[in-house]
Amino acid sequence: MFLDNLKTIGVQVLILYLIAGIGFATDKVGIFKQHDGKRLIDLLFNVILPIAIIHTFMTMEYSKEHIKGIGIAFLCAFATHIFGAAVSFFTFRKRSLKERGIYRYAMILSNAAFLALPLAKSLIGGEGIYY
């Protein structure tokens with residue numbers, strides 16, 4: 001089981017690197033322009049991810065364990081944000097006000113869902129997206 005999960009994670013990370021590499025190459029060659037990237041990101045965040053989340057919520061069977069799990073996930077996410085805010089407060093004190101704001105924002109509100117949702121879906125299935 002562990003090795004299967006490790007293999008799945010490795011394949012998913014490889015796919016992410018391949019996608020990033022293809023994006024980099026197409027940008028350097030001139031096939032892919034900046035405005036194309038913005039349109040793809042808009043499509044991803046405004047259409048594809050909401051559909052995946054809605055599909056997961058519509059097809060899952062709900063139980064008390066799911067409700068308890070979502071509460072625990074919410075508390076963990078809240079604690080992670082508080083921890084990130086505290087670490088960023090002490091880490092970037094000597095930076096300019098503008099830099100502090102940028103670094104704190106990046107540290108507290110990462111883009112982990114963008115990368116984590118496909119990985120969670122492949123490892124756990126729909127429940128990975130639910131939590």
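Ser122 is partly exposed, at a relative accessible area of 30%. Here buried means under 20% relative accessible area, exposed over 50%, and partly exposed in between, computed with a 1.4 Å probe on protein chains only. Ser122 sits in helix H5, residues 112–124. Helices (H or I, at least four residues) and strands (E, at least two) are DSSP runs, numbered from the N terminus. Leaving aside residues up to four places away in sequence, Ser122 touches Thr8 and Gln12. A contact means heavy atoms within 4.5 Å. Ser122 and Ile9 are 113 residues apart in sequence, yet their C-alpha atoms are 8.3 Å apart in space.

This is a predicted model: local features need pLDDT of at least 70, side-chain atom pairs count only at pLDDT 80 or more, and totals for chains, interfaces and linings use all residues. Residues are numbered from 1 along each chain as its sequence is written, and side-chain values use heavy atoms, with hydrogens and water left out.

**Overall fold**

The protein chain has 6 helices and 0 strands. Its pattern along the sequence is α-α-α-α-α-α. The radius of gyration is 18 Å, well over the 14 Å that the globule rule gives for 131 residues, so the chain is more spread out than a compact globule. That radius is taken over C-alpha atoms, and the rule is 2.2 Å times the number of residues to the power 0.38. Along the principal axes, the C-alpha atoms fill a box of roughly 45 × 40 × 30 Å.

Of the 131 residues, 13% count as buried. Among contacts with a separation of 6 or more, 64% come from residues 24 or more positions apart.

**Surface and charge**

The protein chain exposes about 10500 Å², and carbon and sulfur atoms supply 72% of that area. Accessible areas come from the Shrake-Rupley method with a 1.4 Å probe; for residues, only the protein chains shown count as cover.

There are 14 positive and 8 negative side chains, and the centres of the two sets lie 13 Å apart. Lys and Arg count as positive, Asp and Glu as negative; His and the chain ends are not counted. Each charge is placed at NZ of Lys, CZ of Arg, CG of Asp or CD of Glu.

**Around the end of helix H3**

Ser88 belongs to helix H3, residues 64–91. Ser88 has 0% relative accessibility and counts as buried. Beyond residues up to four places away in sequence, Ser88 touches Arg104, Met107 and Ile108.

The whole structure holds 2 aromatic pairs. In one of them, the ring centres of Phe89 and Phe90 are 5.2 Å apart and the planes stand at 80°, so the pair is edge-to-face. Rings of Phe, Tyr and Trp (its six-membered ring) pair if their centres lie within 6.5 Å; planes under 30 degrees apart count as stacked, over 60 as edge-to-face and the rest as tilted. Phe89 is partly exposed at 43% relative accessibility. Phe90 is exposed at 54%.

**Helices H1 and H2**

Ile22 is part of helix H1, residues 2–29. With 54% relative accessibility, Ile22 counts as exposed. Ile41 lies in helix H2, residues 34–59. Ile41 is partly exposed, with a relative accessible area of 47%.

The table sets out C-alpha separations.

| Pair | Apart in sequence | C-alpha to C-alpha |
|---|---|---|
| Ile22 and Asp36 | 14 residues | 14 Å |
| Ile41 and Leu6 | 35 residues | 28 Å |
| Ser122 and Ile9 | 113 residues | 8.3 Å |
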